[in-house]
Amino acid sequence: MSNIYVPRKAPHQRITKETQSELELNLDGSGKTNIKTPIGLLDHMLELFVFHGFFDLNLMVKGDTHIDIHHTNEDVGIVLGQAFKKVLGDKVGIKRFGSGFAPMEDTLGHSVVDISGRGHFRINYLTVPSDKSEDGYTHKYLEHFMESFAKQLGANIIINVSNPTGSTADLHTIMETVFKSLGLALDQATQIDPRRKEVPSTKGIID
Ligand SMILES: [Mn+2]
């Protein structure tokens, strides 16, 4: 394996005039977390993501939440995407593709990931989510977070959320299915396939 980070873990930090973020990420962890951002709902969701993805993540973030959570929410997505990209290195031997399903009551989240180098995010709702916020968080923030994460990681991420009963699921439930299924998908996509001795692209490079 030619990754410069072996074992696949590294610290990462990002300081802007709006937020200060410091983290340590281990791709091959056991699901341990120590996460403290100013957005409690996001902390909870990231704990689920890391636990089910078998990563380890220490993440400390301070932000200008006296304005609102916009910058902080976006920047947590950015710094996390940067960290995953960093520890993946040249991506030799990784599976590259992954998918995961996570149900919660009547809601089903399905995440599909391709670590292609092309950052793109789409979420499709079979049932339109409620506009109601939970502690100031809305599905628009969820989408902005994921878009920032996908762009920085250089991954194509598509998430489908369905609720066949047609009832409007609350944001907490939707987010649980999204973050858990994404953890499962990204665990798969970042795993090393011993049959793959090279960068998993016919182009010979994923940057
Ligand atoms: Mn919960």
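1. Some ground rules come before the details. Local features in this predicted model need pLDDT of at least 70, side-chain atom pairs count only at pLDDT 80 or more, and totals for chains, interfaces and linings use all residues. Residues are numbered from 1 along each chain as its sequence is written, and side-chain values use heavy atoms, with hydrogens and water left out.

2. Strand β8 spans residues 156-162; strands here are DSSP runs of E with at least two residues, and helices are runs of H or I with at least four, numbered from the N terminus. Its covered face carries Ile157, Ile159 and Val161, while Asn156, Ile158, Asn160 and Ser162 make up the uncovered one.

3. On pairing (at least two DSSP bridges between two strands), β8 has β6 (residues 107-114) as an antiparallel partner over 7 bridges, with glycine 109 opposite valine 161. Strand β7 (residues 120-125) runs parallel to β8 and is joined to it by 6 bridges; there, phenylalanine 121 has isoleucine 157 as its bridge partner.

4. The whole structure holds 7 aromatic pairs, meaning Phe, Tyr or Trp rings (six-membered ring for Trp) with centres within 6.5 Å; planes under 30 degrees apart are stacked, over 60 edge-to-face, and the rest tilted. Phenylalanine 49 and phenylalanine 149 are edge-to-face, because their planes stand at 85 degrees, with ring centres 6.2 Å apart. This pair links helix α1 (residues 40-53) to helix α3 (residues 139-153), across 100 residues of chain.

5. Phenylalanine 49 and phenylalanine 149 are both buried (under 20% relative accessible area with a 1.4 Å probe, protein chains only).

Technical notes: Buried < 20%, exposed > 50% of the residue type's maximum accessible area, 1.4 Å probe, protein only.
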